[in-house]
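Let's take a walk through this model together, with the structure open beside you.

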Amino acid sequence: MNQSIKPGDNPDLTEERLSGTFDTNSMAAVIYGSDKLAQRRREISEAVSRIPELQDSKPCPFMTREEKILEGSRKSAILNRLLPGLIDLDSFEETVFIHQEVIGIEGHPLALHESLFIPPIATQGTDEQQKKWLGRAQRREIIGCYAQTELGHGSNLRALETTATFDISSQEFILNSPTITSLKWWPGALGKSANWSIVIANLIVHDKNHGPHPFMVQLRDEKSHEPLPGITVGDIGPKMAFNGADNGFLGFENYRIPRENMLMRHSKVTPDGGYIRPPHAKIGYSGMVRVRSRMAAEQGLFLAHALTIAVRYSAIRRQGYLEDRSREVKVLDYQTQQHRLFPSIARAYAFIFCGFETIRLYDQLLIDVQNGNTSGMADLHALTSGLKSVVTHQTGEGIEQARMACGGHGYSMASYISEIYGVAIGGCTYEGENMVMLLQLARYLVKSIEMIQNGKSKNLGPMVAYLAANESEIDLNLGPNEYLKVFQYAARSQAWRATEKFQKLRNSGMSKEQAWNQASVELTRASRLHTRLYIMSTFINHVGSVVDQKIKKVLIDLLNVHITYEVMDIGIYVQGLLSSDQMDLIRNQLYVSLETIRPNAVSLVDSFQISDMQLRSVLGRRDGNVYENLFKWAKSCPLNDKDVLESVTKYLKPMMDKSKL
Ligand SMILES: CCCCCCCCCC/C=C\C/C=C/C(=O)SCCNC(=O)CCNC(=O)[C@H](O)C(C)(C)COP(=O)(O)OP(=O)(O)OC[C@H]1O[C@@H](n2cnc3c(N)ncnc32)[C@H](O)[C@@H]1OP(=O)(O)O
Ligand SMILES: Cc1cc2nc3c(=O)[nH]c(=O)nc-3n(C[C@H](O)[C@H](O)[C@H](O)COP(=O)(O)OP(=O)(O)OC[C@H]3O[C@@H](n4cnc5c(N)ncnc54)[C@H](O)[C@@H]3O)c2cc1C
C-alpha cells in the first residue's frame, strides 16, 4: 500500500495512491539500501517536524541572501546542540540528510565542512594530525572549507599558482598568492563562515616544485573571527542558486604555517627538507574522487525532488479532455506528459542505485589504499569521472522537463523547481567540469582499446571487457540483457571510432595533444555511452537482486521504461545493428511500458519519501492541496504587505497624474 494516504488529501492524489500495486515503505527500503536506513530517514523527518525552532522562519524564495545565510547559521547552531539526540553522529548519511531536511538544498555555512573539510583530514592526515584537528572539526569548534580552485585555474590542477614554500630555518611553510589569477575562488563557506581551510598549494622545497598538496590553514582568529594578518578573504557574490552558501575568495601574502600543517599521511616533508613521495602520484586527488563517488546518488535525489513535485502536481492538475467531455483529465494521463516524466523517474532510480554502488566502491578503495594497495584508483577515477558528468547533465535535463511539465506554475518559485535546477546543475561544473571529466574517462577507454590492439584483452577489467567483444546481430525477442547488448554495441563502436580517429591523426604526424583535441568530441561521446551502459547494467543487476516480488514487478516495469527509452535515445549509434523494424518494435515497447507504469507513477515518487519540509514546494505537497496553498503563498509575499508601494507613490502615480494634464 501507499503509506502517504491521509484524510483531507486531494481526492485525485488519493485515487492515484490507491491504484499503486506495492508498499511504498518497502520500495523506500530498496531505494535507500535497507529497511533500517529508510526507517531512520522517516524517524529523523518526524522528529524534526516536532521541533518548532527548526522550522523555516519564512519560505526560502522570500528571503534575501543575507537572511538565507543567517537562517542557515541559526539552524546549524541549533542542530549542533540537538544532533546527539536526533542522529547517529558517526553516520555521514544521517548528518547530510538532517541538514538537508532542516536547512534545505540552498547551502549553509557547514555544507562543505562534512563533505570536503573533514574527509581529507581523516584520510590524508597522519594519526597525530587527526588527533589534533578531527575531534575539533567533528565537534564544530572550528568550521572548515576546501580551497583548491583559483580565479584563473580550476580544471587544470597542475596550473595552480598558490605556493607553499618550505623554510627550513623556521620549520614553516610560507603561503603566497603571487598573482590576481592565483586567488582562491569559489570554495563554499570560505567567504564569511569558515575559520579553517584545507588549502591546495604547490609544495616548494629547495626551489623544487612538487605540485599540488593539501595544507591545513587557519584563516580567521578563533575569538574575533577577523581574518589573520597575511590573509585576504571575502564572499564572491550572488550565484545562479546555492545562495545560502558563502562561496569565497582567498589570498595569501607571506602567510606562515607550521611544517606539521601539511597533511602528511601520504606525502611528507621532513624537517631537513627531504621530500617523501606518496604511494600513488594522484593520491592527493582522492578527496575529489570521494565527492564524485557520492554525486550520482545526490543528483538522483535532486531529480527525485523535481519529479515528486511534477508527478504529484500532474495528478491533481486537470486540463483538456480525452474521451469524457464532462470533466477535464489529469495531465498525467497524456502520453506526452508520461514521456516527459517517466523516463526521468527511471533515471532517478538508476542514478541512486549506481550512486550507492560507487559509494561502496570508494569505501572499499579507501580501505585498500590505507593498506598500501592503490591498484583500484585508476578504475574508480575513470568510472566516477564519467558518472558525475552523465548524471549531472541528465539530472539537469530531467529537472527542466519536470518544470515544463508543471506549466506556468512550474515557473513560479512556489514550485521550487528552479532552485532545485540551479543547485543540481552546479554539479555539471563543480568537482571537475563535465567535458574535462569525460575526457579523463576517455583516456582510460583509449588505453583499454590499445590493450586489445596489443593482444592483451585478458588484462581488461570487467567494466571494459565488452570493448573486446564482437556483437553484430541481436535477437528480436528483446529482454533486458538484449538491450544491454545493444548498448554495448553502441558504446563499443563509438569507443573504437574515437580511438581510431585519434590514432589516425597521430599517424598523420600530429602531436598527441593536437590529435587528442581533434578527436575530443568523439571521445566524449564514447565516454557518455560507456557510462550510460554502466548505469543500465547496474540498474538491471539491482533489480535482479530484489527479493520482494511486488517490488520487483514494478521495478521491472520501470526498467522497461529505462531500457527502451535509452536505446531509442541513442538510435543513431545502433543503426548498423538494428533494423528499422526492430527500432519500431522498441518504440512501441516504450509506449506500452509508459502505460504499464502509469498507475504506479505517484507511488514511485512517494517512495522517495521526501518530506514537505525538505521539498519546500507548494506544487509538490504530499496532500495535493495545491490551489488554496498557492493563493496563501502569494498573499504572504512581502510585496503584498502593503496595497500601495513606494514605487507607485514615488514614480508611477506622478507619471500617470502628469500624463492626464
Ligand atoms: C540530495 C543530497 C544533497 C547533498 C547536498 C550536498 C551538497 C554539496 C555541495 C557541494 C558543492 C560544491 C563542492 C565543490 C567542490 C569543488 O569543486 S572542489 C574543486 C574540484 N576541482 C576539480 O575537480 C578539478 C578537476 N581537475 C582534476 O581533477 C585534474 O586536474 C585532472 C584529473 C582533470 C587532471 O589532472 P592531472 O594531474 O593534470 O592529470 P592528467 O595528466 O590529466 O592525468 C595523469 C594520469 O593521472 C590519472 N588520474 C588523474 N586523476 C586521478 C585520480 N583521482 N585517481 C587516479 N588516477 C588519476 C589520469 O587518469 C592519468 O592516467 P593515465 O594512465 O596517464 O591516463
Ligand atoms: C557551486 C560551485 C561550488 C564550488 N565549490 C568549490 C569548492 O568548495 N572548492 C573549490 O576549490 N572549488 C569549488 N568550485 C569550483 C569548481 O571546482 C570549478 O569551477 C570547476 O572545477 C571547473 O573549473 P573552472 O571553473 O576553472 O572551469 P574552466 O576549466 O575554466 O572551464 C571553462 C570551459 O573550458 C573547458 N575546458 C577546460 N579545460 C579543458 C580541457 N582540458 N579540454 C577541453 N575543454 C576544457 C570546459 O569544458 C568549459 O567548457 C565550485 C564551483 C561551483 C560552481
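The shell around ligand 2 is made up of eleven nonpolar residues, nine polar ones and one charged one. This is a predicted model, so please read every value here as computed. There are 21 residues around ligand 2, and those that come nearest are Gln-148, Thr-149, Gly-154, Ser-155 and Met-435. Two or more residues of this shell come from each of β1 (144-147), α12 and α13. Of these elements, α13 gives the most, with three residues. Both domains take part too: domain 1 (1-22 + 282-456 + 482-637) and domain 2 (143-280) each provide at least three residues of the shell around ligand 2.

Now turn to ligand 1, which has 30 residues around it. Leu-157, Tyr-285, His-381, Tyr-430 and Gly-432 are the ones that come nearest. By residue type, the shell around ligand 1 holds 14 nonpolar, eleven polar and five charged residues. Here as well, domain 1 and domain 2 each contribute at least three residues.

With both ligands placed, let's look at the domains themselves. The chain is divided into domain 1, which takes in 1-22 + 282-456 + 482-637, and domain 2, which covers 143-280. Taken over C-alpha atoms, the centres of domain 1 and domain 2 are separated by 36 Å. Where they meet, 13 residues of domain 1 are in contact with twelve residues of domain 2. On the side of domain 1 that touches domain 2, helix α12 (residues 417-429) gives the most, with four residues. That side of domain 1 is made of four nonpolar, six polar and three charged residues.

Next, the interior. In soluble globular proteins, nonpolar side chains tend to be buried together. In this model the largest nonpolar core has 163 residues, and those with the most contacts inside it are Ala-306, Leu-307, Ala-310, Ile-345, Ala-402, Ile-420 and Leu-558. Helix α8 provides the largest share of this core, 18 residues. The core lies between domain 1 and domain 2, because both of them give residues to it. Another core, of eight residues, lies apart from the largest one, and among its members are Val-48, Phe-97, Ile-98 and Val-102.

One of the pairings links Ala-201 with its bridge partner in β6, His-213. The two strands form a hairpin with two residues between them, and His-206 in the turn has a positive phi of about 50°.

Our last stop is Thr-596, in helix α18 (residues 580-597). Is Thr-596 buried or partly exposed? Thr-596 has 16 C-beta neighbours inside 10 Å, so Thr-596 counts as partly exposed. Between Thr-596 and Asn-517 there are 79 residues in sequence and 45 Å in space, C-alpha to C-alpha.

Definitions and conventions: Residues are numbered from 1 along each chain as its sequence is written. Chains are lettered from A and ligands numbered from 1 in the order in which they are written. This is a predicted model: local features need pLDDT of at least 70, side-chain atom pairs count only at pLDDT 80 or more; totals for chains, interfaces and linings use all residues. A residue is near a molecule or strand if its C-beta atom, placed from the backbone, lies within 6 Å of it. Ala, Val, Leu, Ile, Met, Phe, Trp, Tyr, Cys and Pro count as nonpolar, Asp, Glu, Lys and Arg as charged, and the others, Gly among them, as polar. Domain bounds come from an automatic or database domain assignment. Two residues are in contact if their C-beta atoms, placed from the backbone, lie within 7 Å. A nonpolar core is a set of buried Ala, Val, Leu, Ile, Met, Phe, Trp, Tyr and Cys residues joined through C-beta atoms within 7 Å. A residue is buried if 20 or more other C-beta atoms lie within 10 Å of its own, exposed if 12 or fewer, and partly exposed in between; C-beta atoms are placed from the backbone. Two strands pair if DSSP finds at least two bridges between them.
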